[in-house]
Amino acid sequence: MRLIVAITGASGAIYGIRLLEALREVPDAEVHLVISNGGKLNISLETDWAVKDVEALAHEVHSDQNLAATVASGSFKTGGMIVAPCSMKTLSGIVSSYADTLVVRAADVILKEQRRLVLMPRETPLHVGHCRLLLQAAEMGAIIAPPMPGFYNDPQTIDDLLNHNVGRVLDLFDIESGLVKRWKGGRESARKVRKR
């Protein structure tokens with residue numbers, strides 16, 4: 001599967017990095033990466049990663065300024081795109097089709113071609129304008145997948161929280177990453193089953 005991954009300027013660049021790491025383990029995945037200037041800044045501020053090392057996780061890297069890149073055209077077939085994390089600025093650009101960057105243009109192409117676009121917005125709290133943009137993106141066909149931790153899987157580390165969110169996003173593309181602890185029912189329901 002050929003996927004586009006974008007890392008933008010919201011806090012949480014590690015979600016995009018972990019996504020790239022997970023996709024490296026998928027034998028038939030071909031990953032095209034675009035990192036916005038804000039994304040590059042947050043990689044350096046929030047992680048120990050160098051941008052060049054993050055880029056090395058992808059099969060092909062495109063400049064966010066290159067509107068002539070392959071991923072800017074609908075004729076370039078992909079299985080979809082994940083924006084992890086998705087800044088509110090990027091969300092706004094996607095909703096308004098204001099494609100002055102490759103991240104927004106590629107997302108716009110994914111929507112017009114009716115392919116799968118997954119946005120991982122990382123902002124809190126949200127004001128009404130943010131909520132409207134998220135609703136509009138969903139109405140346009142995007143899947144909104146905020147990186148919210150699940151606690152039913154008994155996470156012990158930050159890595160557990162990251163892995164679960166990344167694994168759930170990959171589930172949306174039917175990619176089995178091995179990162180998700182699957183729900184097996186609650187203790188109460190398990191007891192009820194044994195009594196029958």
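Aspartate 174 is exposed, with a relative accessible area of 74%, where exposed means over 50%, buried means under 20%, and partly exposed lies in between, for a 1.4 Å probe and protein chains only. This is a predicted model, in which local features need pLDDT of at least 70 and side-chain atom pairs count only at pLDDT 80 or more, while totals for chains, interfaces and linings use all residues. Residues are numbered from 1 along each chain as its sequence is written, and side-chain values use heavy atoms, with hydrogens and water left out.

Aspartate 174 lies in the loop between H7 and helix H8 (187-195); helices (H or I, at least four residues) and strands (E, at least two) are DSSP runs, numbered from the N terminus. Although aspartate 174 is not a glycine, its phi is positive, at about 55 degrees. Glutamine 114, in the loop between H5 and E5, is also a residue other than glycine with a positive phi, near 60 degrees, and its relative accessibility of 73% counts as exposed. Most residues other than glycine have a negative phi, and most peptide bonds are trans.

The bond from alanine 84 to proline 85 is cis, with omega near -5 degrees, and proline 85 has its place in strand E4. The bond from threonine 124 to proline 125 is cis as well, with omega near -10 degrees, and proline 125 is found in the loop between E5 and helix H6 (128-140).

Is histidine 164 buried or exposed? At 5% relative accessibility, histidine 164 counts as buried, whereas aspartate 159 is partly exposed, with a relative accessible area of 39%. If neighbours within four places in sequence are left aside, histidine 164 is in contact (heavy atoms within 4.5 Å) with Gly150, Tyr152, Asn153, Leu179, Val180 and Lys181. Aspartate 159 and tryptophan 183 are 24 residues apart along the chain, and their C-alpha atoms are separated by 18 Å.

How many disulfides does the structure hold? The structure holds 0 disulfides, a disulfide being counted as a pair of cysteine sulfur atoms within 2.5 Å. The sulfur of cysteine 86 has its closest cysteine sulfur in cysteine 131, and because the two are 14 Å apart, they are too far from each other for a bond. Cysteine 86 is buried, with a relative accessible area of 1%, while cysteine 131 is partly exposed, with a relative accessible area of 41%.

The two pockets in the table can be read side by side. A pocket is found on a 1 Å grid over the protein atoms alone, as an open set of points where a 1.4 Å probe fits, with protein on both sides within 12 Å along at least five of seven lines, and lining residues have an atom within 4 Å of a point. Grid points are joined across faces, edges and corners, and a volume is the space filled by probe spheres set on the points.

| Pocket | Volume | Lining |
|---|---|---|
| Largest pocket | about 310 Å³ | 3 nonpolar, 11 polar and 3 charged residues |
| Second largest pocket | about 240 Å³ | 9 nonpolar, 3 polar and 2 charged residues |

In these classes, Ala, Val, Leu, Ile, Met, Phe, Trp, Tyr, Cys and Pro count as nonpolar, Asp, Glu, Lys and Arg as charged, and the others, Gly among them, as polar. The largest pocket is lined by 17 residues, and Asp64, Lys89, Thr90, Asp100 and Thr101 lie nearest its centre. H4 gives the largest share of this lining, 4 residues.

A nonpolar core is a set of buried Ala, Val, Leu, Ile, Met, Phe, Trp, Tyr and Cys residues joined through side-chain atoms within 4.5 Å. The largest nonpolar core has 30 residues, and those with the most contacts inside it include Ile7, Leu19, Leu20 and Val54. H1 gives the most to this core, with 7 residues. Leucine 20 touches Val5, Ile7, Val31, Leu33, Val54 and Leu57, not counting residues up to four places away in sequence.
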